[in-house]
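Colleague: I have a model open and would like to go through it with you. Can we start with the overall fold and then look at single residues?

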Amino acid sequence: MLCVDDPLPVAPMRVLIAGVTGSGKTTLARRIAERWKLDHHEIDALYHGPEWTPRPEFLDDVRTFAATERWVTEWQYTSKGTNEVLVPRADLVVWLDYPWPLVRRRLVARTLRRRVMRTRLWNGNVEPALWTREAWSGENDIMRWQKDTRYKWDRRMPEIEKAFSSLQIMRLRHPREAEQWLRR
């Protein structure tokens, strides 16, 4: 596993960004896409149809962009089949393994901002209003989701590293490391 000071042995053309909810996967994916001239495919936009319904063509869309030569995306929806499609094609995984208080604070701020401002997201969807019970229950409880999946990547990365020995994995432990890495 690579750290912030390690040079990349190969210039990556297909990049997965891993990390717990709220770590900044999409923001980093956009920045990498711009810097390395890669196509960014925001995986949430491919998954969520109107009224938060899963799009039936989701996995077909993932297969289509994964077959191309230059892309970056967030590593999500693993239970929906993305692992089998994306991991074998990826050159690099950037793992945002940031401190818990930081990612928690980021998610609280993002959730409050989106819900208060009624921000339109993918395919016209809007998160439930802040003051409703719906906003903090079931699948809408993003804070619980983050807590429940907090250690997901800690458990999975060693397995991924073993199974895909040619896959470069860059582990960044703080946004300062991400900035330092991007500057190089």
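Modeller: One term before we start: a contact here means heavy atoms within 4.5 Å. Among contacts in the protein between residues at least 6 apart in sequence, 70% join residues at least 24 apart. Keep in mind that this is a predicted model.

Colleague: How many helices and strands are there in the protein?

Modeller: The protein has eight helices and five strands. Read from the N terminus, the order of elements is β-α-β-α-α-β-α-β-α-α-α-β-α. The radius of gyration is 16 Å, close to the 16 Å that the globule rule gives for 184 residues, so the protein is as compact as a globular protein of that length.

Colleague: And what does the C-alpha trace span along its principal axes?

Modeller: The span is about 50 × 35 × 30 Å. As for burial, 48% of the 184 residues count as buried. The protein exposes about 10,100 Å², and carbon and sulfur atoms supply 52% of that area.

Colleague: How many positive and negative side chains does the protein have?

Modeller: There are 33 positive and 25 negative side chains. The centres of the two sets lie 5 Å apart.

Colleague: Now single residues. Where is Asn125 found?

Modeller: Asn125 sits in the loop between helix H5 (100-117) and helix H6 (142-148).

Colleague: Buried or exposed, Asn125?

Modeller: Asn125 has a relative accessible area of 3%, so it is buried, the cut-off being under 20%.

Colleague: Which backbone atoms lie by a polar atom of the Asn125 side chain?

Modeller: The backbone nitrogen of Trp52 lies 2.9 Å from a polar atom of that side chain. On the oxygen side, the backbone oxygen of Trp122 is 2.7 Å from a polar atom of the Asn125 side chain.

Colleague: Which residues does Asn125 touch, not counting those up to four places away in sequence?

Modeller: Asn125 touches His48, Gly49, Pro50, Glu51, Trp52, Thr119 and Arg120.

Colleague: Glu51 is in that list. Where does Glu51 lie?

Modeller: Glu51 lies in the loop between helix H2 (43-47) and helix H3 (58-66). Its relative accessible area is 71%, so Glu51 counts as exposed, the cut-off there being over 50%. Glu51 and Trp122 are 71 residues apart in sequence, with 9.7 Å between their C-alpha atoms.

Colleague: What is Asn140 in contact with, leaving aside neighbours within four places in sequence?

Modeller: Asn140 is in contact with Arg115, Pro128, Glu134 and Ala135. Pro128 is twelve residues from Asn140 along the chain, and their C-alpha atoms are separated by 7.6 Å.

Colleague: Next topic, backbone angles. Which residues other than glycine have a positive phi?

Modeller: Lys37 is one of them, with a phi of about 60 degrees. Arg118 is another, its phi being near 55 degrees.

Colleague: And where do Lys37 and Arg118 lie?

Modeller: Lys37 is found in the loop between helix H1 (25-36) and strand E2 (39-41). Arg118 lies in the loop between H5 and H6. On accessibility, Lys37 is exposed with a relative accessible area of 62%, whereas Arg118 is partly exposed at 35%.

Colleague: On to helices. Which helix is Asn83 found in?

Modeller: Asn83 is found in helix H4 (residues 82-86). At 17% relative accessibility, Asn83 counts as buried. Leaving aside neighbours within four places in sequence, Asn83 is in contact with Trp75, Thr78, Pro88 and Arg156.

Colleague: Last one, Val103. Which helix, and is it buried or exposed?

Modeller: Val103 lies in helix H5. Val103 is buried, with a relative accessible area of 1%.

Definitions and conventions. Residues are numbered from 1 along each chain as its sequence is written. This is a predicted model: local features need pLDDT of at least 70, side-chain atom pairs count only at pLDDT 80 or more; totals for chains, interfaces and linings use all residues. Side-chain values use heavy atoms; hydrogens and water are left out. Helices (H or I, at least four residues) and strands (E, at least two) are DSSP runs, numbered from the N terminus. The radius of gyration is taken over C-alpha atoms; the globule rule is 2.2 Å times the number of residues to the power 0.38. Buried means under 20% relative accessible area, exposed over 50%, partly exposed in between (1.4 Å probe, protein chains only). Accessible areas come from the Shrake-Rupley method with a 1.4 Å probe; for residues, only the protein chains shown count as cover. Lys and Arg count as positive and Asp and Glu as negative; His and the chain ends are not counted. The place of a charge is taken as NZ of Lys, CZ of Arg, CG of Asp or CD of Glu. A polar contact is a pair of N or O atoms within 3.5 Å; within protein, one must be able to donate a hydrogen and the other to accept it, and residues adjacent in sequence count only if both atoms are side-chain atoms.
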